[in-house]
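Biologist: Thanks for sitting down with me over this one. Could you take me through it, one question at a time?

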Amino acid sequence: ILYRNADSLLSGVAYQPQVKKKDPKAPVTPPSMIVFRKWDTFGELRIPTAWEFYAWDEQAGVTGDLQGSATITEIQFLDPEAWRFKKPTGKAVTEN
């Protein structure tokens, strides 16, 4: 679920973490939310660079205290070589 602010910027993302577990009886990871607190502009592109992580509930929204945070720094844009986007020889493209 995507949230936007009054300026139509993406302000948060709610998601259900998908973790492969060896034990099928292990508890399911609860839904989470990333709240974007700061945006920086690089040329014409705006990127969220300060993130906060919370527990989330579809009815209540953000629940509980801050679980963690991240700061994105040293952003660089590269022109990747064309070969990085070619299908490897003998491999097939499949749809999930």
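This is a predicted model: local features need pLDDT of at least 70, side-chain atom pairs count only at pLDDT 80 or more; totals for chains, interfaces and linings use all residues.

Biologist: Which aromatic residue forms a pair with Phe42, and how are the two rings arranged?

Modeller: A pair of aromatic rings is described by the distance of the centres and the angle of the planes. For Phe42 the centres are 6.3 Å apart and the planes make an angle of 65°. An angle over 60 degrees counts as edge-to-face, so the arrangement is edge-to-face, and the residue that pairs with Phe42 is Phe77.

Biologist: How many residues apart in sequence are the parts that this pair ties together?

Modeller: Phe42 belongs to strand β3, while Phe77 sits in the segment after β5. The pair therefore ties together parts whose separation in sequence is 35 residues.

Biologist: And Phe77 itself, is it buried or exposed?

Modeller: The relative accessible area of Phe77 is 52%. The cut-off for the exposed class is over 50%, so Phe77 is exposed.

Biologist: How many bridges hold β3 and β4 together?

Modeller: Strand β3 covers residues 32–42, and strand β4 covers residues 45–57. Their hairpin has two residues between the strands, and Gly43 there takes a positive phi near 65°. The two strands pair in the antiparallel sense, and the number of bridges is 10.

Biologist: What about the other pairing, how many bridges join β2 to β3?

Modeller: Strand β2 spans residues 10–15 and runs antiparallel to β3. One place to look is Ala14, which stands opposite Met33 in β3. The bridges that join β2 to β3 number four.

Biologist: Which residue forms a salt bridge with Arg37?

Modeller: The structure holds two salt bridges. In the one made by Arg37, the closest N and O atoms are 2.8 Å apart. Arg37 lies in strand β3 and its partner in strand β4, so the pair ties together parts that are 15 residues apart in sequence. The partner of Arg37 is Glu52.

Biologist: And Lys38, with which residue does Lys38 form a salt bridge?

Modeller: Lys38 counts as partly exposed, at 44% relative accessibility. The closest N and O atoms of its salt bridge are 3.7 Å apart, and a distance within 4 Å meets the cut-off. The partner, partly exposed at 23%, is Asp40.

Biologist: What is the phi of Ser8?

Modeller: Most residues other than glycine have a negative phi, and most peptide bonds are trans. Ser8 lies in the loop between β1 and β2 and is partly exposed at 48%. Its phi is positive, near 65°.

Biologist: And what phi does Glu74 have?

Modeller: Glu74 is placed in the segment after β5. With a relative accessibility of 71%, Glu74 counts as exposed. Here too a residue other than glycine has a positive phi, and for Glu74 the value is near 50°.

Biologist: One last question: how far apart in space are Lys91 and Glu58?

Modeller: Lys91 is in the segment after β5, and it is exposed at 52% relative accessible area. Along the sequence, Lys91 and Glu58 are 33 residues apart. From C-alpha to C-alpha, the distance between Lys91 and Glu58 is 40 Å.

Technical notes
Residues are numbered from 1 along each chain as its sequence is written. Side-chain values use heavy atoms; hydrogens and water are left out. Two strands pair if DSSP finds at least two bridges between them. Buried means under 20% relative accessible area, exposed over 50%, partly exposed in between (1.4 Å probe, protein chains only). A salt bridge is a side-chain nitrogen of Lys or Arg within 4 Å of a carboxyl oxygen of Asp or Glu. Rings of Phe, Tyr and Trp (its six-membered ring) pair if their centres lie within 6.5 Å; planes under 30 degrees apart count as stacked, over 60 as edge-to-face and the rest as tilted.
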